[in-house]
Every structure is written in structure tokens, then in C-alpha cells.
Amino acid sequence: VSAQAADPTLLVRRQAALGGELSPLFYRSPLQVVRGEGPWIHTADGRRYLDAYNNVPVVGHAHPAVVQAISRQAAVLNLNSRYLHPNVVELAERLTASMPDGLDTCVFANSGSEANDLAWRMARVVTGRGGAVVADLSYHGVSEATAAFSTNTYPVEARPAHVAVFEAPRDAGDDGIAAVERVRAARAELQRAGHDLSLLAVDTVFSSAGILTPTDSFMRGLQDEARAVGGLFLADEVQAGFGRGGRNLWRFQDFGLTPDFVTLGKPMGNGHPVAALITRREIAEAFVEVDEYFSTFGGNPVSCVAALTVLDVIEQSDLVARSGEVGALLRAGLESLVPDLPVRGQGLMVGVEMPGAADFAERLREYGVLVGTTGPGGGVLKIRPPLIWTAAEVEQFLIAFQQALR
Ligand code: PMP
């Protein structure tokens with residue numbers, strides 16, 4: 001791929017054609033990106049940045065095996081998903097085999113939003129109820145239904161009465177009892193509005209709430225109480241999934257959960273758009289008795305081979321364990337650099353609560369490292385690199401971090 005000269009008109013043209021507010025960019029002076037390579041992003045001004053932010057390229061930017069698999073399949077055939085093709089079958093088999101018993105049915109979509117939206121439609125049909133319970137500061141998608149679940153961005157005054165919110169776990173004392181109390185309070189709120197709990201959805205890394213690390217008992221309390229009152233439980237693994245937590249392929253497994261729905265997206269195709277909902281057969285069957293689902297692109301042969309290759313690379317390079325080890329190294333390094341600041345997370349999903357986090361992210365960029373911000377008021381640095389990071393990338397990151405601190 002040849003170098004691309006920086007185009008000084010691009011930002012103005014973008015704002016004119018896409019709308020500034022409608023399609024925001026990272027950084028006060030946005031990066032004009034040219035190409036990616038493993039942990040690196042190259043920009044048009046000839047610089048390269050260590051990518052400590054992007055979870056979409058989970059096996060690294062432009063991973064050769066993924067690029068080759070996509071190119072090969074695209075050169076052979078890509079089409080509407082209503083034809084019999086081995087890629088879609090194999091991917092569904094591998095995903096369901098990686099889940100706890102009972103999560104045996106896979107539905108493909110193109111985005112995390114669609115997968116969550118479908119779970120919500122299924123939950124309503126199966127439970128005959130119309131109330132949803134979600135965490136504060138959560139993000140679940142862009143469709144009408146999932147935007148209303150996205151308490152991080154959706155205006156409080158516009159929140160529909162069928163959505164009730166519980167407080168995400170903010171300290172280690174938030175145990176199973178706290179979770180049960182919060183679900184009960186949220187359910188009572190739904191009932192006062194004439195609804196009942198159909199679905200409780202939770203991002204298993206609480207990414208937009210500031211990368212929280214809940215106790216196992218808190219997470220099980222949420223799941224068990226939702227079920228005990230006749231609702232269904234959704235583990236949103238769109239951010240957390242594919243080994244980022246460094247213990248299991250799916251973060252919900254770390255807590256010993258057995259969800260009714262699991263949704264996958266973002267890293268699934270290493271940048272190629274593909275997503276999935278995994279559920280139990282009886283839920284899917286009850287849904288198709290009264291409704292239907294069809295996605296033109298969802299589960300097409302190219303998307304599926306992208307996801308299959310991502311799974312292969314994660315397995316062959318042992319990236320789940322590596323994420324755990326490298327993540328521990330990263331957290332230890334950060335803790336020694338900023339001993340007074342809370343460093344949270346698990347695996348390669350790390351948050352640092354920091355005054356002036358947005359300014360610090362700008363400064364880190366000057367030192368060649370890309371991170372994001374999240375949490376209340378954007379006060380948490382979000383460090384979420386590709387899982388191919390090694391000790392070498394951690395060291396470079398920490399050097400830049402120390403320079404930016406000074
Ligand atoms: N759920 C979570 C937890 C997410 O982080 C996101 C995306 N940020 C979504 C769902 C929506 O996924 P998509 O943007 O692919 O629709």
C-alpha cells in the first residue's frame with residue numbers, strides 16, 4: 001500500500017459531507033490514517049502510532065491470515081445469506097461449541113446493535129413482557145430499542161418507561177446482595193409504569209461506565225434475580241469478547257454466568273463487519289413461531305471466513321492467555337507510574353481514573369500512543385489494545401506514558 005499524502009482539505013470536506021456533530025473524530029487535531037500493521041497505525045504525515053485503543057483489530061491491524069482469507073473468499077463468492085455454504089455452518093458450530101451447554105443456536109448479524117436488538121425482540125416474545133433493565137452509563141447500540149438501553153448517551157428525559165436502570169458496581173463491596181436489591185428496585189420501577197422485566201442486559205466489562213471490575217457474586221446476582229422473576233439475561237460481549245479478559249474466550253465465563261443470550265461483534269471479523277447472537281434453541285423457536293428474522297449480509301461467506309480466521313489466530317497464538325499475561329504486566333507498570341490513581345480492568349481492557357484524562361490522551365498521542373477515554377465525564381483513560389501486544393509494546397507504552405506524565 002503506497003503512502004498517502006496528508007490532505008489538508010479532508011477535515012473540512014468531511015464536516016461538510018458528514019456533519020461535524022453527527023460523525024465526531026478522535027483528537028482535537030484528528031489523525032489522517034493511512035495503514036495499519038500489527039500494533040501500529042501509520043498516518044499521512046509519516047508518523048506511526050502504537051495503537052493502545054482499538055479492539056476491532058483484535059489480532060492486529062491487517063493480519064495477513066485474515067486479509068488473505070477475506071480476499072480469497074471475496075474472489076470466489078459472496079452473496080445473500082440464504083444459500084447453503086460451509087463457512088456459516090462452521091462458524092456457528094465453533095461459536096456454539098465455545099459456549100456453555102444450552103447456548104446452541106447462532107444468528108448472524110452485521111453489528112452489535114443488531115444482535116442486541118434481536119435479543120430484545122426475542123425476549124419480549126418469549127416472556128410476553130416489555131420491560132428492560134440495564135446498567136447506568138451503559139452502551140448497547142444505535143437502533144431505536146438499543147439506543148434507549150444506552151444510558152451513557154441517551155437523554156434521561158427521553159428514556160422510555162419500559163427501560164429501568166440499575167447502578168453499575170463501583171466498589172468491591174458491591175456483592176450479590178447489592179445486585180439483587182438493584183434488580184428488584186429496577187423491576188419495581190418497571191411495574192409502576194405498567195411493565196415487567198423481560199430482559200436484563202449487561203456489558204460484561206462495563207466499558208462505557210469506566211471499565212469496572214465487578215465481583216462474581218454481583219454478576220451472578222444480576223443474572224439469577226432476573227431469571228428468578230421470570231426475565232432473561234443478556235451478556236453483551238461486543239466489547240469484552242474474543243479473549244480480551246485474558247482468562248476465557250468470553251468474559252461472562254470468568255464470572256461463572258450462563259446467559260440466555262450472548263451478543264458478539266466488534267473484534268469478531270478483525271475489522272470486517274460481522275456480529276452474532278447466541279441463544280438457546282427453545283428461545284429461537286418460540287420467536288420464529290410469531291416473528292421472523294432475516295439479514296441480507298449477516299452470515300455471508302466472506303464475513304464468516306473473517307470470523308473463522310480470527311478464531312484460528314486467537315487459538316494458534318494463544319491470545320487469550322497472552323492477553324491475561326500482558327494485561328497484568330501493563331497494569332503493574334501503570335500502578336507503579338501512577339500509584340495514587342485507580343487502575344482497573346482485567347486482561348487487555350484497562351482503565352485509569354485520572355483528572356484531565358482527555359488532555360492526557362492528547363499528550364500521549366504526541367508521544368506516539370493512541371488511547372481513548374470513557375466513564376463518567378470521560379474521566380477514565382481507556383486502554384484496549386489489540387491482543388497481539390507483547391512485553392515490548394507494554395514497555396513502549398509505559399515509556400510514552402511516563403513522558404506524557406512529565
Ligand atoms: N454493545 C457494546 C457493549 C458496545 O460497546 C457496542 C459498540 N460500542 C455495541 C453494543 C454496538 O455495536 P455496534 O457499534 O457494532 O452496533
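Q: What distance separates the centres of domain 1 and domain 2, taken over C-alpha atoms?
A: The model is a predicted one. Its domain assignment gives domain 1 as 10-59 + 318-405 and domain 2 as 65-316. Taken over C-alpha atoms, the centres of domain 1 and domain 2 are separated by 25 Å.

Q: Which helix gives the most to the side of domain 1 that touches domain 2?
A: The contact between the domains takes 25 residues from domain 1 and 27 residues from domain 2. On the domain 1 side, at least two residues each come from helix H11 (319-337), strand S11 (343-346), strand S12 (349-353) and strand S15 (380-383). The top contributor, with 5 residues, is H11.

Q: How many charged residues are on the side of domain 1 that touches domain 2?
A: Domain 1 brings 25 residues to this contact. By class, 12 of the residues on that side are nonpolar and 10 are polar, and the number that are charged is 3.

Q: Are H2 and H10 roughly parallel or roughly antiparallel?
A: Helix H2 covers residues 64-76 and helix H10 covers residues 301-316, and their axes lie 9 Å apart. The angle between H2 and H10 is about 155 degrees. Since angles over 145 degrees count as roughly antiparallel, the relation of H2 to H10 is roughly antiparallel.

Q: How many nonpolar residues are in the contact of H2 with H10?
A: H2 passes H10 in a right-handed crossing. From H2 the contact uses Ala 65, Val 66, Ala 69, Ile 70, Gln 73 and Ala 74, and from H10 it uses Pro 301, Val 302, Val 305, Ala 306, Thr 309, Val 310 and Val 313. Of these residues, 2 are polar and no charged one occurs, while the nonpolar count is 11.

Q: Why are H12 and H13 oblique to each other?
A: The axes of helix H12 (residues 357-366) and helix H13 (residues 391-405) come within 9 Å. They cross at roughly 120 degrees. Roughly perpendicular covers 65 to 115 degrees and roughly antiparallel begins over 145. H12 and H13 are therefore classed as oblique.

Q: Is H11 roughly parallel or roughly antiparallel to H13?
A: H11 and H13 have axes 10 Å apart and pack at an angle of about 20 degrees. Angles under 35 degrees count as roughly parallel. H11 and H13 are therefore roughly parallel.

Q: How many polar residues does the contact of H11 with H13 have?
A: H11 and H13 cross in a right-handed sense. Val 326, Leu 329, Leu 330, Gly 333 and Leu 337 of H11 meet Ala 391, Val 394, Phe 397, Leu 398, Phe 401, Gln 402 and Leu 405 of H13. The contact has 10 nonpolar residues and no charged ones, and its polar count is 2.

Q: Which helix supplies the largest share of the shell around the ligand?
A: The ligand has 15 residues around it, of which Ser 111, Gly 112, Ser 113, Asp 203 and Val 238 come nearest. By class, this shell has 3 nonpolar, 9 polar and 3 charged residues. The largest share, 3 residues, comes from the helix at residues 112-127, H4.

Key:
Residues numbered from 1 in each chain as written. Predicted model: local features only at pLDDT ≥ 70, side-chain atom pairs only at ≥ 80, totals over all residues. Near = placed C-beta within 6 Å. Helix = DSSP H or I, 4+ residues; strand = E, 2+ residues; numbered from the N terminus. Nonpolar A, V, L, I, M, F, W, Y, C, P; charged D, E, K, R; others polar. Axes fitted to C-alpha atoms, helices over the stretch in contact; angles between N-to-C directions. Left-handed = near helix turned anticlockwise from the far one by under 90°. Contact = placed C-beta atoms within 7 Å. Domains from an automatic or database assignment.
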